[in-house]
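Open the structure in a viewer that can select by residue number. The tour below goes from one selection to the next and says what is found at each stop.

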Amino acid sequence: MSKSEVTEVLLNEDKIYKPSEKVLKNARIKQWKAAHKKAEKDPIKFWEEAANELEWYNYWGQTFDDSNAPFFKWFLGGKCNIVHNALDRHMGTPVENKTAIIWESDDGDKRKISYKELNKMVCKMANGLKFLKVRKGDRVAIYLQNIPETAVAMLACAKIGAVHSVVYAGYSANALRERVDDQGAKVLITSDVGHRRGKIIDMKSLTDKAISGSRSIQHVIVVKQGDGPVSMKMNRDIFYDALVETQPSNCPTEKMDSEDPLFILYTSGTTSKPKGVVHVHGGYMVGINRTFQWVMDVKEDDVYWCTADPGWITGHSYIVYAPLMSGITTMMFEGVPDFPKPDRIWKMIEKYEVNILYTAPTLIRALMSYGDEWPSKYKMKSLRLLGSVGEPINPEAWRWYHKFVGKSKCPIMDTWWQTETGMFMIAPLPSMPLKAGSATLPFPGIQAEILDGNGKKVPVGKGGFLAIKTPWPSMLRTVFKNPDRYIKTYWTDSPGYYHTGDLATKDKDGYFWVQGRSDDVLSIAGHRIGSAEIESALVSHKAVAEAAVIGKPHPIKGESAKGFVILRKGIKGDEELIVELKKHIRNKLGPIAVTDEIEFVEKLPKTRSGKIMRRVIKAAELGQDLGDTSGLAD
Ligand code: WTA
């Protein structure tokens, strides 16, 4: 992009992108204002209607209960199972012969799995889990790459009422251990190896390291992905193929209470310990189904591709569960967008005739940096709608995505949400006018506000904390085994509201512009990592006495981490030690958490109570005003 174009982009941020006649004509919700108004009048009724679009074994009695706020409940007394809606109800209908999952491997192999086949795989796996004595309520950890078996494992757990907890395959053995221990997982599902950029990752060794000495794990199921020998522990480990081979291909789906847990997903916060966010069957399925259908405007025969990893909430809600509930084709991709060449994504869109692409700003910026010629070579005629998630999308990236990928005809759904919210919270509907870089308005039924530090609404155009007024069905129910942390993190800083931890502004049209986190949580290439987690990894190295980690703006990753380290007495800081410390972070947390830079310092700015002031370090690093430093110890 040339310099003049960049200037033009900045000048045009207020430009409004109206939906085309064609988009309007085909939109599920044509009168978006009326839809918003109706939901605002009676949000509970809105969610009741959404719930009625799904199948229940037994209808609920009370729709919403706030008697024990903030431990809200939805669809009380209802009996359901998300798998019934994602698979069972499609059997015996024309959907069963449709392709449920298209998968492409790192090296370009492909698999197509129909709904019928997927159902069979899930039943067999569910029976396999039962054979290993997994029961309703037991936790099952899943440490797999982006392969169909990840979805199969999740669905199989949910089917029998077990609680799954997917751990992103890019996490290290240590990070896996922490998550497995916290939830007390009984079974872990992993693979022998994984593939990335033509390289092989030894997943089984990482797993063995993570669970050595684990008191909860009884069995490890290994999905064979490579050709080499695998070290298997007697009586503990079993190959997936061997486990499912003899299992019957029918398995009854457990009738769950609406409020029974479906999964735990760990996410970073402001302390070094990740939080186990708990989601439940009933409200979660209602929230993600309605948001997916309305925002992504799904049509019966859509091929939909979300490039996230199943290890994150985006993958849970919008690769696996919501697309399957809609009975469309969802794509899974093991590889990376620029391997073997920067046109991998565009090529795949043409090859599989993808209609909806849902991706992240970091990926758009990375592909943008290779030049316009890569997407320009492809017409991508099948594309109808684009989506963005994970971090604020800067207007340049938005416009590039719109022009070179969407060929100026596909609306972009910039969806703001979180692991905790389960579903899109601030997002457009395709019939709405768009502004480059704004996630637009709260989804119907949701009320969002910008608050100051005292919980008061701020005037239009002023920045503040993004907070949500109305409870919603797919909200997290608690932090696993830590209800106090649930209250403290989400229901304390903005009294009467759900505190999102994000900073945002609202413009005169009511459009929201999310700026990023207000706390010490970094967003590195769209991945949530806590400063405290990286600091804790650094100080666990024998050379390190103290550490502070801050985020710095990064042109592609959005943010990159920099560590400031005080070494122990007598230790010399040199290049070699920097390399070693980075390796140490990689071992402790995984490649996504490695700091780009490490600087050795003598002192760190602290408050009188000894708390490191990351804000001051960051301002100094970026050459900004240090702000209020009266709290500094010296
Ligand atoms: C950020 C990912 C701006 C935000 C679904 C949020 C966004 C955090 C957007 C949640 C967006 C996500 N615009 N910021 N469209 N989407 N974020 O839990 O800071 O991995 O709080 O969930 O990502 O990250 P998480």
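## Stop 1: Gly 590

This is a predicted model. Select Gly 590 together with Gly 170, Tyr 171, Ser 172 and Ile 585, which Gly 590 touches when residues up to four places away in sequence are not counted. Gly 590 sits in the loop that runs between helix 19 (575-588) and strand 30 (597-600). With a relative accessible area of 0%, Gly 590 is buried.

## Stop 2: the ligand

Select the ligand and the 16 residues around it; Asp 414, Thr 415, Thr 419, Asp 502 and Arg 528 come nearest. Colour this shell by class and you will see six nonpolar, five polar and five charged residues. Helix 12 (313-325) and strand 25 (512-517) each contribute at least two residues to the shell.

- From a polar side-chain atom of Arg 528 to an oxygen atom of the ligand, 2.7 Å.
- From a polar backbone atom of Gly 390 to a nitrogen atom of the ligand, 3.0 Å.
- From a polar backbone atom of Glu 391 to a nitrogen atom of the ligand, 3.3 Å.

How much of the ligand does the protein bury? Taken alone, the ligand exposes 530 Å², and 95% of that is buried by the protein.

## Stop 3: helix 12

Stay with helix 12, which supplies at least two residues of the ligand shell. The helix is mostly covered, with 13 of its 13 residues buried. Gly 327 follows helix 12 and has a positive phi, near 70 degrees.

## Stop 4: Ser 438

From Asp 414, one of the residues that come nearest to the ligand, move to Ser 438, which touches Asp 414 as well as Tyr 511, Phe 512 and Trp 513, residues up to four places away in sequence not being counted. Ser 438 belongs to the loop between strand 20 (412-414) and strand 21 (448-451). Is Ser 438 buried or exposed? Ser 438 counts as buried, because its relative accessibility is 2%. A polar atom of the Ser 438 side chain lies 2.9 Å from the backbone nitrogen of Thr 440.

## Stop 5: the nonpolar cores

Which residues have the most contacts inside the largest nonpolar core? They are Ile 189 and Trp 346, in a core of 153 residues. Helix 7 (residues 148-160) gives this core its largest share, nine residues. Centre the view on Ile 189 and show its contacts; with neighbours within four places in sequence left aside, they are Met 125, Leu 129, Val 140, Ala 141, Ile 142, Tyr 143, Leu 144, Ala 153, Ile 221 and Val 223. Another core, of 40 residues, lies apart from this one, and Ala 210, Val 220, Leu 522 and Leu 538 are among its members.

## Stop 6: His 219

Select His 219 in strand 11 (residues 219-223). Its side chain reaches the backbone oxygen of Arg 236 at 3.3 Å. Besides Arg 236, His 219 is in contact with Leu 132, Lys 186, Val 187, Leu 188 and Asn 235, neighbours within four places in sequence being left aside.

## Stop 7: backbone geometry

Most residues other than glycine have a negative phi, and most peptide bonds are trans.

Start with Phe 75, which is not a glycine but has a positive phi of about 55 degrees. Phe 75 is in the loop between strand 2 and strand 3 (79-80), and at 0% relative accessibility it counts as buried. Asp 297 also is not a glycine and has a positive phi, of about 50 degrees. Asp 297 lies between helix 11 (281-295) and strand 16 (303-306), in the loop, and counts as buried at 5% relative accessibility.

Where are the two cis peptide bonds of this stop? One runs from Ala 69 to Pro 70, with omega near 5 degrees; Pro 70 is in the loop between strand 1 (64-65) and strand 2 (73-74). The other runs from Phe 339 to Pro 340, with omega near 0 degrees; Pro 340 is in the loop between strand 17 (329-333) and helix 13 (344-352).

Terms used. Residues numbered from 1 in each chain as written. Predicted model: local features only at pLDDT ≥ 70, side-chain atom pairs only at ≥ 80, totals over all residues. Heavy atoms only, no water. Helix = DSSP H or I, 4+ residues; strand = E, 2+ residues; numbered from the N terminus. Buried < 20%, exposed > 50% of the residue type's maximum accessible area, 1.4 Å probe, protein only. Contact = heavy atoms within 4.5 Å. Polar contact = N/O pair within 3.5 Å; in protein donor to acceptor, adjacent residues only side chain to side chain. Near = heavy atom within 4 Å. Areas by Shrake-Rupley, 256 points an atom, 1.4 Å probe, with all protein chains shown as cover. Nonpolar A, V, L, I, M, F, W, Y, C, P; charged D, E, K, R; others polar. Core = buried A, V, L, I, M, F, W, Y, C linked by side-chain atoms within 4.5 Å.
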